[in-house]
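Me: I have a structure open and would like to learn how to read its features. Could you walk me through it, one feature at a time?

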Amino acid sequence: MRKTAPRLGLAGALAAVLMLGGIATGPTAQADERHGKEPTLADLAQRHGRYFGSATDNPELVDEPYKALLGSEFDQITPGNGMKWYATEPQQGVFDFSQGDEIVNLARANRQKVRGHTLVWHSQLPGWLTEREWTAPELRAVLKKHVQAEVRHYRGKVFAWDVVNEAFNEDGTYRESVFYKTLGPGYIADALRWAHQADPRVKLYLNDYNIEAVGPKSDAYYKLAKELKAKGVPLHGIGLQAHLALQYGYPTTLEDNLRRFSRLGLDTSLTEVDIRMQLPATEEKLAQQAEWYRDLTEACLAVRRCVGITLWDYTDKYSWIPAFFPGEGAALPWDEQLAPKPAYFALREALGGR
């Protein structure tokens, strides 16, 4: 069993946060190290040719200490909600990209890249889309217009899109979303083609949870990806969300799973990482969580085409977990006071830092 990550006391952790908040990323990293500043997670990941990012959401951006750490520690951002359908097309044919634009502009100011999330999903859809019946030609036109309008708006501003999100059930059958029920499984290939037409350079992904391990759901994605590639459909990667929970066990076949998608000529990325636990958090649980963060990072680094890791926000202060899983939480590498937890130091260790 690997040793657990080192832990700081509260005073030491707070001091580390204050120090880390002022670190520059990218080209200044080597100079900073020469002057005694610690490299960030992004700096360490860049040494391996990877990115290390965090999701964020618009309401959080008024929190200046949070925003400072978001801008200094990471080199990639994913908008948690601002690019979803309900936010970007609240009325049919009426587009509002203001929330996504705010995060893109913040990322540009910090020299960070942006992952687009998400174009086609069964959840967080506007009422005008879900509260009526559509014929297949009607919905196909609506879907194409939405995908292409959003991809065109962010052309050259995002490096990748989660084009279709959560398309399968746990048993590997198709999720019966409005798109599947009305258009059949071909809506996935169509969405990828339309996105590629709107921005031929952006990387296009399918994204889902509980596909970290080899099993029925990840097998369904493997089969679909193989079929899409054989047909020449523009698919470039698979996003493994990696919302893990200590009580359900670690996905020990993660590295094997990443490798099999690589053999299809696809990139992979860990797109929404958090590792929740049943509260209260204890030293033992935090140590186990740290080991899992280390293990999944090492799995990504071991597979050349695993291109990066994104936390689903970096601090427990803004985690989605407590609202959706009552009695669970403490899922992220920074606590609610923005102090680094054992998981943070495990990530540094996995990436080759001190």
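Me: Let us start with salt bridges. Which residue forms a salt bridge with Asp-267?

Reply: The general idea is that side chains of opposite charge can pair when their charged atoms come close. A salt bridge here is a side-chain nitrogen of Lys or Arg within 4 Å of a carboxyl oxygen of Asp or Glu. In this predicted model, Arg-305 pairs with Asp-267, and their closest N and O atoms are 2.9 Å apart. Arg-305 sits in the loop between H13 and E9 and Asp-267 in strand E8, so the pair ties together parts that are 38 residues apart in sequence. Helices (H or I, at least four residues) and strands (E, at least two) are DSSP runs, numbered from the N terminus.

Me: Before we go on, how should I read the numbering and the confidence limits?

Reply: Residues are numbered from 1 along each chain as its sequence is written. Because the model is predicted, local features need pLDDT of at least 70 and side-chain atom pairs count only at pLDDT 80 or more, while totals for chains, interfaces and linings use all residues; side-chain values use heavy atoms, with hydrogens and water left out.

Me: Are the two partners, Arg-305 and Asp-267, buried or partly exposed?

Reply: Buried means under 20% relative accessible area, exposed over 50%, and partly exposed in between (1.4 Å probe, protein chains only). Arg-305 is partly exposed at 23% relative accessibility, whereas Asp-267 is buried at 12%.

Me: Which residue does Glu-328 meet in a salt bridge?

Reply: Its partner is Arg-276, at 2.6 Å from N to O. This pair links distant parts of the chain, with Glu-328 in strand E10 (residues 328-329) and Arg-276 in strand E8, 52 residues apart. Both Glu-328 and Arg-276 are buried.

Me: And what does a salt bridge inside a helix look like?

Reply: An α-helix has 3.6 residues a turn, so residues three or four places apart point the same way. Here, Glu-64 and Lys-67 lie three residues apart in helix H4 (residues 64-73), about one turn of the helix. Their side chains meet in a salt bridge of 3.8 Å, N to O. Glu-64 is partly exposed at 48% relative accessible area, and Lys-67 is partly exposed at 25%.

Me: How many salt bridges are there in the whole structure?

Reply: A search finds 16. Salt bridges can also join into a network, as they do for Arg-140, Asp-190 and Arg-193.

Me: How do I read burial along a helix, and which residues of H12 are buried?

Reply: Look at the buried residues and then at what covers them. In helix H12 (residues 254-263), Leu-254, Asn-257, Leu-258, Arg-260, Phe-261 and Ser-262 are buried. Their cover includes helix H11 (216-230), strand E6 (237-240), strand E8 (267-278), helix H13 (283-302) and E9. Just after H12, Gly-265 takes a positive phi of about 85 degrees.

Me: To finish, what does the chain come to in helices and strands, and how much of it is buried?

Reply: The protein chain has 15 helices and 10 strands, and 58% of its 354 residues count as buried.

Methods
Contact = heavy atoms within 4.5 Å.
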